[in-house]
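Dear colleague,

I am handing over the structure below, and after it you will find my notes on what turned up when I went through it. Please read them with the coordinates open beside you.

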Amino acid sequence: MSRPFRFGVNLTTSAPADEWSAKCRRAEELGYDVILVPDHLGMPAPFPALVAAARATERPRLGTFVLNAGFWNPALLAREVATTDALTDGRLELGLGTGYLREEHDTAGLPFGSPGERVDRLRHTVEELERLLGDEEYRPRPVQESGVPLLIGANGDRMLELTARHAAVAAFTGARTVPGTGRLTPITAEELDGRVARYRELAAGRAEPAELNLLIQTVVVTEDREAAVRPYLEHVPHLTAAGLLELPVLLVGTLEQLTAQVREQRERYGFTYLSVLEPSMEAFAPVMRALRGG
């Protein structure tokens, strides 16, 4: 049987304490299962933001979506993870990725490296976290007895292999990096078929299947789908409006069309955990309500 749907919102805009708390409470009121924070310069620092979210809410899980492994020393990250899990009463979910923006590394004075080097760095981080947090003598201790669930954001083969081996949640970016630019461009529905199929091959020997996640980039409830996507065409000049509307990472249409698209993607790919970005938090709420229990 398919897993029930789960929904997360990635809060990308910094705010003073009262505003941040109100925003987190609003996400809880709307029914989001997970409050997420990214890891980019110019956005909220993930771990203190999640601790503040925990103080403002009662029900949602709290996650990083996703940490840039190049920003973190594994030993120091293990301390952050364990402390944050304790301070959020065991609600933490840890999302990790390689990072893709060279300029952020340059600003931070940190090495960026080739794609292969970034995957190696992430693998080392994952293995060190498992070693440290799996040691009963390690202090501080996370409070989740089964460990902090790991999500890895992936698209390439080596990343999918790492995800298949280690992650409780396989997060599909629905995009690839344009070589030499650091810019992401969306992949087609057929390309995503291939990525999910490759992941399933690599994960065939798992004792427990992973939860499959997709990040939805934009949610627009509208009667005029083509008009709604027209402003995005300049960012993907190789696509037509019709091609844009076929992308898995866009939800554009009436409420009935959006809920149908989500259900179709669950059948096609197995996605049961969907994340949206903060600007889509309100627009996606009616879709969540329509999908609950079905």
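**Strand 13 and its neighbours**

Within strand 13, Tyr273 is the bridge partner of Arg6. Before going further, please note that this is a predicted model, in which local features need pLDDT of at least 70 and side-chain atom pairs count only at pLDDT 80 or more, while totals for chains, interfaces and linings use all residues. Residues are numbered from 1 along each chain as its sequence is written, and side-chain values use heavy atoms, with hydrogens and water left out.

Strand 1 (residues 6-10) and strand 13 run parallel and are joined by 5 bridges, where two strands pair if DSSP finds at least two bridges between them; helices (H or I, at least four residues) and strands (E, at least two) are DSSP runs numbered from the N terminus. Strand 10 (residues 211-216) also runs parallel to strand 13, with 4 bridges between them, and here Leu214 stands opposite Leu274. Of the 5 residues in strand 13 (residues 273-277), 5 are buried, a term that means under 20% relative accessible area, with exposed over 50% and partly exposed in between (1.4 Å probe, protein chains only). The burial applies to both faces, with Tyr273, Ser275 and Leu277 on one side and Leu274 and Val276 on the other.

Arg6 has a further relation to Tyr273, since the charged end of Arg6 sits over the ring of Tyr273, 4.2 Å from its centre; the criterion is that NZ of Lys or CZ of Arg is within 6 Å of the ring centre and within 35 degrees of the ring normal. Arg6 is also linked with Arg61, Glu93 and Glu211 in a network of salt bridges, a salt bridge being a side-chain nitrogen of Lys or Arg within 4 Å of a carboxyl oxygen of Asp or Glu.

**Other salt bridges**

The search of the whole structure finds 16 salt bridges. One of them joins the side chains of Asp33 and Arg292 at 3.2 Å, N to O, and this pair links distant parts of the chain, with Asp33 in the loop between helix 1 (17-30) and strand 2 (34-37) and Arg292 in the segment after helix 11 (281-291), 259 residues apart. Asp33 counts as buried at 18% relative accessibility, whereas Arg292 is partly exposed at 37%.

Another salt bridge is formed by Arg176 and Glu191, whose closest N and O atoms are 2.9 Å apart. Because Arg176 lies in strand 8 (residues 175-178) and Glu191 in helix 7 (residues 189-202), the pair ties together parts that are 15 residues apart in sequence. Arg176 is partly exposed at 34% relative accessibility, and Glu191 is partly exposed at 31%.

**Nonpolar cores and aromatic pairs**

In soluble globular proteins, nonpolar side chains tend to be buried together. A nonpolar core is taken here as a set of buried Ala, Val, Leu, Ile, Met, Phe, Trp, Tyr and Cys residues joined through side-chain atoms within 4.5 Å. The largest such core has 81 residues, of which Tyr32, Leu94, Leu96, Phe172, Tyr199, Phe271 and Phe284 touch the most other members. A second, separate core of 9 residues includes Leu36, Phe65, Leu151 and Val169.

The count of aromatic pairs comes to 6, with rings of Phe, Tyr and Trp (its six-membered ring) pairing if their centres lie within 6.5 Å, and with planes under 30 degrees apart called stacked, over 60 edge-to-face and the rest tilted. The pair of Phe7 and Phe284 is edge-to-face, because the ring centres are 5.5 Å apart and the planes lie at 70°. Phe7 lies in strand 1 and Phe284 in helix 11, so the pair ties together parts that are 277 residues apart in sequence. Phe7 is buried at 0% relative accessibility, and for Phe284 the value is 0%, which counts as buried.

Phe172 and Tyr199 form an edge-to-face pair, 5.9 Å centre to centre with 90° between the planes. Phe172 is in strand 7 (residues 169-172) and Tyr199 in helix 7, so this pair ties together parts that are 27 residues apart in sequence. Phe172 is buried with a relative accessible area of 2%, and Tyr199 is buried at 3%. Ring pairs also link Phe172 and Tyr199 with Tyr269 and Phe271 in a cluster.

With best regards
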